[in-house]
Amino acid sequence: MVTAKIALPNVDEVKKFVDIVSKCPAHVELVSGRYQVNGRSIMGIFSLDLSQPIQMTIHGEGSQQLADELSSFVVKD
């Protein structure tokens, strides 16, 4: 399991994120406030508050590889 805070500031970044996640067998959960959505769901992602960092959790096969591919979205503390 890999967790990180990510930023998806615009439509192009959301599309890029979903394209990357959809190619991997790992399961991605995104949490914003009390809402949790599947990282493959573009409509679900747009239902989140994208003005704030989003908690991402990756489970399953290939989770570390996927986390490496998504590193450009990670918010640096």
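These are my notebook entries on a predicted model of one protein.

**Conventions.** I number residues from 1 along each chain as its sequence is written, and my side-chain values use heavy atoms, with hydrogens and water left out.

**Entry 1: overall dimensions.** I looked up the radius of gyration, taken over C-alpha atoms with a globule rule of 2.2 Å times the number of residues to the power 0.38. For 77 residues a compact globule would have a value near 11 Å, and the protein has 11 Å, so the two agree. Along the principal axes, the C-alpha atoms fill a box of roughly 30 × 25 × 25 Å.

**Entry 2: surface and contacts.** I took accessible areas from the Shrake-Rupley method with a 1.4 Å probe; for residues, only the protein chains shown count as cover. The protein exposes about 4,600 Å², and carbon and sulfur atoms supply 51% of that area. I call a residue buried under 20% relative accessible area, exposed over 50%, and partly exposed in between (1.4 Å probe, protein chains only). Buried residues account for 38% of the 77. For contacts I require heavy atoms within 4.5 Å. Of the contacts between residues at least 6 apart in sequence, 66% join residues at least 24 apart.

**Entry 3: secondary structure.** I used DSSP runs, numbered from the N terminus: helices are H or I over at least four residues, strands are E over at least two. I find three helices and four strands, in the sequence pattern β-α-β-β-α-β-α.

Entry 4: Which order do the four strands take in the open sheet? The order is 1-4-2-3, with antiparallel pairing; I count two strands as paired if DSSP finds at least two bridges between them. Strand 1 (2-6) and strand 3 (35-38) each have a single partner strand, so they stand at the edges and one side of each lacks a neighbour in the sheet. Neighbouring strands are turned by 25 degrees against each other on average, direction ignored; the axes are lines fitted to C-alpha atoms, for helices over the stretch in contact, with angles from 0 to 180 degrees between N-to-C directions.

I then went through the pairings.

- Strand 1 and strand 4 are antiparallel over five bridges, and Ile-6 stands opposite Ile-54 in strand 4.
- Strand 2 (residues 27-32) and strand 4 (residues 54-59) are antiparallel over five bridges. His-27 has His-59 of strand 4 as its bridge partner, and Val-28 has Ile-58.
- Strand 2 and strand 3 are antiparallel over four bridges. Glu-29 stands opposite Asn-38, and Leu-30 stands opposite Val-37.

Strands 2 and 3 form a hairpin with two residues between them. In its turn, Gly-33 has a positive phi of about 65 degrees.

**Entry 5: aromatic pairs.** I searched the whole structure and got one aromatic pair. My criterion covers rings of Phe, Tyr and Trp (its six-membered ring) with centres within 6.5 Å; planes under 30 degrees apart count as stacked, over 60 as edge-to-face and the rest as tilted. The ring centres of Phe-17 and Phe-73 are 5.4 Å apart and the planes lie at 90 degrees, so the pair is edge-to-face. Phe-17 is in helix 1 (residues 11-22) and Phe-73 in the segment after helix 3 (63-69), so the pair ties together parts 56 residues apart in sequence. Both Phe-17 and Phe-73 are buried.

**Entry 6: Val-75.** Leaving aside neighbours within four places in sequence, Val-75 is in contact with Lys-5, Ile-6, Ala-7 and Pro-53. Val-75 and Lys-5 are 70 residues apart in sequence, yet their C-alpha atoms are 5.7 Å apart.

Terms used: This is a predicted model: local features need pLDDT of at least 70, side-chain atom pairs count only at pLDDT 80 or more; totals for chains, interfaces and linings use all residues.
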